[in-house]
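Please keep the structure in view while going through the numbered points.

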Amino acid sequence: MTSSRLRELAAKTTQEDAHLFKPTVAYRIRPGSDQGTPFPPEIAKAENPPAGAVIDYYLHSTSNEPVTLEIVASKGNVIRTYSSADRVPVVDEKTLDIPMYWMRPARALSSTAGLHRFIWDLHYASAAQLAAGGTGGAAAGGGGGGRRGGGAGPWGYIGDYSVRLIVDGKSYTQPLTVKMDPNVKMSDADERAQFEAALLCGNLLAQLTPANIQAANLLRQLRDLQRK
């Protein structure tokens, strides 16, 4: 935790039931081109900084109700929702075609007393989440998705957002700014066009997802009939 967080903690949280720290600027940086392949475990290495917006919060005591974290766009619409009640997906190592250590463990938002850190991966909800009527879920490794695939939705736009923490019916809000990777040279108009195109594709995929699930179920039933 940075010195600014410690000063903010000492100045405010001792008298609050909960506190949401003001996030620092987040940079939209794409992962490397190694398809998410990590170094072998025998190679000495250090962890990279979290990829996404770092969101720190403090709870004076364990919450009586699920804690909720919302990412709010500049127009006021909620684009991602996380809850301490989210079901954390369990990865069965036997179903993977990659080593288990490639995967980042998923975890839900914490509702216990103390300091906590959560990472928004700077993505909108995935097509599957939208099709299910949701806008979020447990984060993998404090971010979005596993090391491969991930299943995240479109990249969020460059600009201003709000982060809203809800604890026992009380709401705490802080501004969040997302900036482009300094190494990427793109005009504001091109970035916005890219975002709107990705958002359109995500919404279309969400509409197709139920039909895709239904087709997969029918195919499974046909295979079961063939075996019989």
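Is Glu70 buried or exposed? Glu70 is buried, with a relative accessible area of 14%; buried means under 20% relative accessible area, exposed over 50%, and partly exposed in between (1.4 Å probe, protein chains only).

1. Basis of the note. This is a predicted model, in which local features need pLDDT of at least 70 and side-chain atom pairs count only at pLDDT 80 or more, while totals for chains, interfaces and linings use all residues. Residues are numbered from 1 along each chain as its sequence is written, and side-chain values use heavy atoms, with hydrogens and water left out.

2. Overall make-up. The chain has three helices and 10 strands. Helices (H or I, at least four residues) and strands (E, at least two) are DSSP runs, numbered from the N terminus. Along the sequence, these elements follow the pattern α-β-β-β-β-β-β-β-α-β-β-β-α. Of the 228 residues of the chain, 32% count as buried.

3. Strand β3. Strand β3 covers residues 53-59, and seven of its seven residues are buried, so the strand is largely enclosed by the rest of the structure. Both of its faces are covered. Ala53, Ile55, Tyr57 and Leu59 are buried on one side, and Val54, Asp56 and Tyr58 are buried on the other.

4. The partners of β3. Two strands pair if DSSP finds at least two bridges between them. Strand β1 (residues 18-20) runs antiparallel to β3 and is joined to it by three bridges; here Leu20 stands opposite Tyr57. Strand β7 (residues 114-120) also pairs with β3 in the antiparallel sense, over seven bridges.

5. Asp56 stands opposite Arg117 in β7. These two residues also form a salt bridge, with the closest N and O atoms 2.7 Å apart; a salt bridge is a side-chain nitrogen of Lys or Arg within 4 Å of a carboxyl oxygen of Asp or Glu. The pair links distant parts of the chain, as Asp56 in strand β3 and Arg117 in strand β7 are 61 residues apart. Asp56 is buried because its relative accessible area is 2%, whereas Arg117, at 43%, counts as partly exposed.

6. Further salt bridges. The structure holds seven salt bridges. One of them joins Glu70 to Arg164, with the closest N and O atoms 2.5 Å apart. This pair links Glu70 in strand β4 (residues 68-72) with Arg164 in strand β9 (residues 159-167), 94 residues apart. Arg164 counts as partly exposed because its relative accessibility is 25%. In another salt bridge, the side chains of Glu191 and Arg28 meet at 3.6 Å, N to O. Glu191 lies in helix α3 and Arg28 in strand β2 (residues 26-28), 163 residues apart. Glu191 and Arg28 are both buried.

7. Asp181 is placed in the loop between β10 (170-180) and α3. Asp181 is buried yet has no salt bridge, and the nearest side chain of opposite charge, Lys185, is 8.2 Å away. What does the side chain of Asp181 reach? It reaches the backbone nitrogen of Asn183 at 2.9 Å.

8. A serine in β5. Ser83 lies in strand β5 (residues 78-83). At 12% relative accessibility, Ser83 counts as buried. The side chain of Ser83 reaches the backbone nitrogen of Ala85 at 3.0 Å.

9. Aromatic residues. The structure holds five aromatic pairs; rings of Phe, Tyr and Trp (its six-membered ring) pair if their centres lie within 6.5 Å. Trp120, Tyr124, Tyr157, Tyr161 and Phe195 form one aromatic cluster. Arg192 lies over the face of Tyr157, at 4.9 Å from the ring centre. A charge sits over a ring if NZ of Lys or CZ of Arg is within 6 Å of the ring centre and within 35 degrees of the ring normal.

10. Gln207 belongs to helix α3 (residues 188-227). Gln207 is exposed, with a relative accessible area of 60%. Gln207 and Ala128 are 79 residues apart in sequence and 9.3 Å apart in space, C-alpha to C-alpha.

Key
Phe/Tyr/Trp six-rings, centres within 6.5 Å; stacked < 30°, edge-to-face > 60°. Lys, Arg positive; Asp, Glu negative; His and termini not counted. Polar contact = N/O pair within 3.5 Å; in protein donor to acceptor, adjacent residues only side chain to side chain.
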